[in-house]
Amino acid sequence: MSDAMNVHPEVVTTHDVHHDEHHVHHHKETFITKYIFSQDHKTIGKQFLITGIIWAIIGGLFSVLFRLQLGYPDQSFPILQTVFGHWAEGGHIKPEFYYALITMHGTVLVFFVLTAGLSGTFANILIPLQVGARDMAAPFLNMLSYWFFFMASVVMISSLFIQTGPAAGGWTVYPPLSALGQASQGSKLGMDLWIVSMALFVVSALLGGLNYITTILNMRTRGMSMTRLPLTIWAIFFTAVLGVLSFPVLLSGLILLLFDRNLGTSFYLSDIVVNGQILPNEGGSAILFQHLFWFLGHPEVYIILLPAMGMVSEILSVNSRKPIFGYMAMLGSLFAIATLSFLVWAHHMFVTGLNPFLGSIFVLLTLLIAVPSAIKVFNWITTLWRGNIRFTPAMLFAIGFVSLFISGGLTGIFLGNSTIDIHLHDTMFVVAHFHIVMGVASFFGMFAGIYHWFPKMFGRYLNSTLGYIHFWVTMAGAYLIFWPMHYEGLAGMPRRYLDKSSWVSFTQFGELDKMITIVSIIVFAVQLMFVFNFFYSIFKGRKVTTKNPWGSNTLEWTTPIRPGHGNWEGEIPEVHRWPYDYGKDGREFIPQTEPVGENESKH
Amino acid sequence: MQTFFIIAILLLGFLITFQIAKASEYVSILRGEETARKQTNKINGFMLLAFLVLGLTGVYYCNEKLRGKVLGESASVQGVSIDTMLFITIAITGVVFLITQIALFWFAYKYQASDKRKAYYYPHNNKLEVIWTVIPAIALTVLVGFGIFYWFKITSEAPKDAMLVEVTGKQFGWEFRYPGRDGILGKKYFKNIDPANNNPVGQIWDDPANWDDIWFESKPLHLVVNKPVKLVIGSKDVIHDVGLVHFRMKMDAVPGTPTTMWFTPRFTTKQMIEKTGNPRFVFEISCDQLCGKGHTGMRGEIVVETQEEFDRWLASQKPQYYAAFPDKDPTAPQKDSVNAISKTSATTAVTQMKTTN
């Protein structure tokens, strides 16, 4: 870190004349324009992050509540009745409430935390800073993107407080369950609010995504060719493309669902007798919704995962003091994953009565994704090989990400194979698989990003002792929770069962469920500790004293320690090289802004 | 339980205060920042190695502890293929898991920061990248090959001699319908559903194939050992799923879109009781697709028995037609002639079917 001082702002030699008029303090800002309706990408990023953190606490808390039910089905918790009233009479979580909790847990974490909170945060903060732009292409739309997300949040939260409760059909909201108020309490007003909230969310995702794509394509600084972009930006770029292409499909599916619910159409409904009432609907297909949903739903998994992959690539390279291994292969595999993610959606539907031949095509395409994924893993491991590794909290989370991605990715090979999926479909195996690979792994990528770029965001460091504790407890906890859960799935235990006492086949894991519950409470407590660390460090953290604390090559570390709106004082630096010249020619790192020397070796 | 809660909260409070204390301590050693950093680096490097060792031990321990609790031998012929596929996959992914996790943590430990070493500038190696593109591709080809082979075997058309049963899901239970002697499930229409008048699945009584169909709910489904059975699966209200863990089979029950699934039971319930040593053993039908508040208890049972036992059981069942039209039931007064009469009604049904064709 002693090299950290060796940043060379004076290297900047080019003059982009029309940029000269931009200065940090060039317009008067009030509290409202600076912190609330801000058009500064950095502030918007922080807004996404903090909203995401609040949502993560809510979503995480829900999981602790239903884990209590799963671990201690016979136990009564009077405090639950105090807080939730008739939803938890006698201190027992009612089934309707249990399903509302899991639905909200899934929706909140998948969309509000790991989509908006993760890519919303880091796309906003990193794109202009790493490509060398003053702000996003359309700062006003960018601001709207956050405020649509905020409105979506308000609507979703409001659904928690209505008499019939929030949506309770699972985060995938399959009709007819989600379409018929008679079939479930959660399918009454709560479901309409869910759809409205998601519609607002899609608008937010589209406004954001279009902005990210435009900025990356059009607003790169001089010399920043596409192949000189850090992998974070590439990952965010593919994420945005996936979002722009797939979210509208979800929206269309949800609008049809709204019609079926309220206008008497029959897109998804046919031949239904519910609660003794014969419905007039004929000719619809419940499976159509699943196609529309998973056409978003599968790319969504990669919308969550790709930004984490990008940040992990960057952080592994910086802290190994070594270039990322196989930049072009990393790029190619990102592209392959993004493309294939659109061609595999029906692997969620192997047991819906899907044509077996079609199923076999989806098996092939699904398992094909394992090839680019394997390339990424091998390249990450080779990046560590013969490095000189600094274990910052960010680096540890990045290593943890790779470990979890391997574990969760390999179980994906089980589920993507339709033959095995017949047995494992909708069991706890699926829960364990996607929590490891998409949930915890992406969270690890997000934590890595927060620890790494916190100094850039707030000009202070997070407390690293708390960071190390956070990492080790979460890492051990994640495996303790989800690894044994695979066995429940192998035993065929269906997911979304809150009480197994009436069954003969699924009662053997009582002790295990208790253990998982206890560990998840501890892990949740440690996340609260992280949140404490986060807010504490914003105000009281150790101050950053050098521009480039990690000795990093990328452009964001050439800005002032606390960059104002516009990011760079004076003109934007020109870029002369790729971002991964670490350990080259005996030098620890060579920033992107430094021109290629005459005697420099080629790679 | 309360105490547990309190302990958890105390633990959290303790952690936070302790860490704040530690944080201030950290600030005090700030002067020696570089040495402190080197020390934490060493500690974390060691922890990574320890995590690898403990983790792999944990994986082994977990398997020892839990493998007895997962299902035993598959109770269906198709399930045997599924288990084989599962073991092939476990073997291949297990090797990959070990190699990559060990490499990841070992490299992290081995190449931790040291003043003596300089990082090796190694941006790419095309040969290596081709190798680790081709090897996973080959492994996956094997998996896809086996997978699709078994998949087509399992999802192929049911054999001609397969027994036929209709399974209908509803909130929250299962209904079963046997086709009777004619082997044909009579036509039905959902708007005919009228449980009050003994027509719970909406059978069209004009269709003679319906006259001998046997319907029941809340009782076990009976199957014959070593005889293929084809389930025609439907739902009355929302999507359910017929999950048969011991047979390793699963198929959604979708309203408006009938699905099918077939399999061959290998063991009778009695044999399974002996094999598992569990006198309470029973084949269970679980609903595997979230279907509302009663999802968790949407349970059905299956009895697998020999052909003789099955025949005896079937003979004691009455077609639903007679429940709907008691006056048409010729057996009501004289119980002994059940077989003879239903045989004749079946033959008339068959001849009528032929004439309509």
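A polar contact is a pair of N or O atoms within 3.5 Å; within protein, one must be able to donate a hydrogen and the other to accept it, and residues adjacent in sequence count only if both atoms are side-chain atoms. This is a predicted model, in which local features need pLDDT of at least 70 and side-chain atom pairs count only at pLDDT 80 or more, while totals for chains, interfaces and linings use all residues. Residues are numbered from 1 along each chain, chains are lettered from A in the order written, and side-chain values use heavy atoms, without hydrogens or water.

**View 1. The surroundings of B:Asn198.** The side chain of B:Asn198 has a polar atom 3.1 Å from the backbone oxygen of B:Ala323. B:Asn198 sits in the loop between strand S2 (173–178) and strand S3 (214–217) of chain B (strands are DSSP runs of E, at least two residues, numbered from the N terminus). Beyond neighbours within four places in sequence, its contacts (heavy atoms within 4.5 Å) are B:Trp205, B:Gln320, B:Ala323 and B:Ala324. B:Asn198 counts as partly exposed because its relative accessible area is 32%, between the limits for buried (under 20%) and exposed (over 50%), with a 1.4 Å probe and protein chains only.

**View 2. B:Asn198 and B:Ala162.** These residues lie 36 apart in sequence. Their C-alpha atoms are 28 Å apart in space.

**View 3. A:Phe259 in its helix.** A:Phe259 belongs to helix H7 (residues 231–262) of chain A (helices are DSSP runs of H or I, at least four residues). A:Phe259 is partly exposed, at 33% relative accessibility.

**View 4. Confidence in chain B.** The average pLDDT (the predictor's confidence in each residue, from 0 to 100) is 87 for chain B, and 87% of the residues score at least 70. Residues 335–357 of chain B fall below 50. Beyond near neighbours in sequence, this stretch has 17 contacts in the model.
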